[in-house]
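Subject: Structure handover

Hello,

Here is the structure I said I would pass on. Please open it and follow along with the notes below.

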Amino acid sequence: MKLRISKRMTKPDFQGDFTARILAAAGDPSIISFAGGLPNPDSFPVKEMEAAVTKVLERDGVRALQYSNTEGYAPLRKFISDRYASQGISYAPENIIITNGSQQALDMVAACLIDPDDEIVVERPSYLAALQTFHLYDPKVLSVDLNEDGIDCEQLEKTLTEHDPKFIYVIPNFQNPTGLTYSQAVRERAAEILKKSGIPVVEDNPYGELRFHGEGGKTFAELLGEQVCEMGTFSKIVAPGMRIGWIACKNPELYAKLLAFKSTMDLHTNIFGQMVLAEYLLDNDLDAQIEKIKKMYGEKADKMMDCMAKDFPEGVTFTKPEGGMFIWATLPEGLAAVDVMEYAAKRGVAVCPGDPFYEEDRNVRTMRINYSNSSDEAIEKGIKILGDALRELMNK
C-alpha cells in the first residue's frame, strides 16, 4: 500500500496522543486517574434517559431514526435559547447550531476562520484539544498569559495592537486546565479591548453552570453581543456520551458558513440523541440535576484541596477553583511535570502534565489534576501517593 499521511497529522505540535492517553488512563480500573476531565457517572440520569428513549420511540420513532436538518432539532434549540434568556443573554433558536459536543464546534470555527499562517489568540495555558484542533489549520498561535483573576489585559491589549488575529479563544469560567475564573473587572476591561479590536470572540463555556463557591460574572456573550460565538455542551451537565453541544452565533454571515461547513462534516448531529435529550429536558428539572452535580463536585474539590494541603510537600502550590472540574498545580523550580507523570504512573496514579496546554513551552512545572471523577477514597489515596512521589523527586 502506498500510504502518505498528511502533514497536518504528523506535525510535532499536533500532540494528538495526549488526549488518547488521558482517556486510556481514565478507563484503566487499576489506575487512580486524575488525568482526564470526566464527569462523575453517579450524576448520570440513567433511568430518566431510559424513560425518554421509550417515549421518543413510541411517539415519534420513524422521525428519530431518519435523516434530519443540519442546524439541529428545533425543540432542543428552543430549550437552549430559553435557558440563555433566563440568564439574561439573547440568542434566538435561529442563532444556535447543535453540534457533536463542543469539540466539533471548535473545528467548525477553525475551518471557517483560519487560513494557513493566520494569527489567532489563545490563553496561556489553554485547552489542549482546542490547540490540537486549531493546529490542523496551520495558524500562528499568539498566547496571552492568565493571571489569578483572568487574562492579562495589558498583554492582551499589546497583542491586539501589534497583531491582527482572526479571533480569540477564551474560557472565562473555571478554565481548562487551570480552574481559574475571570473576575468581573477583568471581564469588563477585556471586553473593552476586544470591542475596540472588533475580532470575533470564541467563548467556550462548558463549566459555567458548575459553580459551587462564590458568585459569577457576566459572560462575554453578555458584554459583546454579536461579536461573540458562544460554545456550550450538555456533556458536563447531563451526560458526555451523548456528544451533544452547541454553538450560538448572532453574526449571520459567520452562522451561514458554520452551518455550511457542518453539513459537509456529518450532515447533522445524531437526531435520535437530540430528541431523547429534548424529551429528558422536558420531563425533568435540569436545575435540580445541576445542583446535584455542583454539590458533588464542590465536596470533591474541597476534599482534594484539603488532601493536597496536607500531603503535598512545601513549594508546591495549586489553584483553588470555585467551580468546574480542575485544579492546576505548580511545582518548584527544576521539577518537570512530565517526570512527575511518569514517576506517579509507576505507582498507580495518573496526572496530566501541563505541556500540551501550552503552545510552545515544554518540560513545564505545571500539571492539571481532576477531582470530579474520583471517589473520596481514591482522592485520599491518590493524593498521598502523588505527594510521596513529589517528595522523592524533589529529594533526588
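A helix axis here is a line fitted to the C-alpha atoms over the stretch in contact, and angles between axes run from 0 to 180 degrees between N-to-C directions. Keep in mind that this is a predicted model.

Start with helix 4 (residues 101-113) and helix 5 (residues 128-135): their axes are 9 Å apart and the angle between them is about 35 degrees. The crossing of helix 4 past helix 5 is right-handed. On the helix 4 side, Q103, L106, D107 and A110 take part, and they meet A129, A130, T133 and F134 of helix 5. Sorted by class, this contact has 5 nonpolar, 2 polar and 1 charged residues.

Strand 3 (residues 119-124) runs parallel to strand 4 (residues 140-147), joined by 6 bridges. One of the pairs is E119 with K140 in strand 4. A hairpin of 2 residues connects strand 4 to strand 5, and N147 is opposite G150 in strand 5.

Further along is an open, antiparallel sheet of 4 strands in the order 10-11-14-13. Strand 10 is joined to strand 11 (residues 326-330) by 2 bridges, and T317 has T330 as its bridge partner. Helix 11 (residues 286-311) lies across strands 10, 11 and 14, at about 15 degrees to strand 11.

Regards

Definitions and conventions: Residues are numbered from 1 along each chain as its sequence is written. This is a predicted model: local features need pLDDT of at least 70, side-chain atom pairs count only at pLDDT 80 or more; totals for chains, interfaces and linings use all residues. Side-chain values use heavy atoms; hydrogens and water are left out. Two strands pair if DSSP finds at least two bridges between them. Contact means heavy atoms within 4.5 Å. A crossing is left-handed if the near helix is turned anticlockwise from the far one by less than a right angle, and right-handed if clockwise. Ala, Val, Leu, Ile, Met, Phe, Trp, Tyr, Cys and Pro count as nonpolar, Asp, Glu, Lys and Arg as charged, and the others, Gly among them, as polar.
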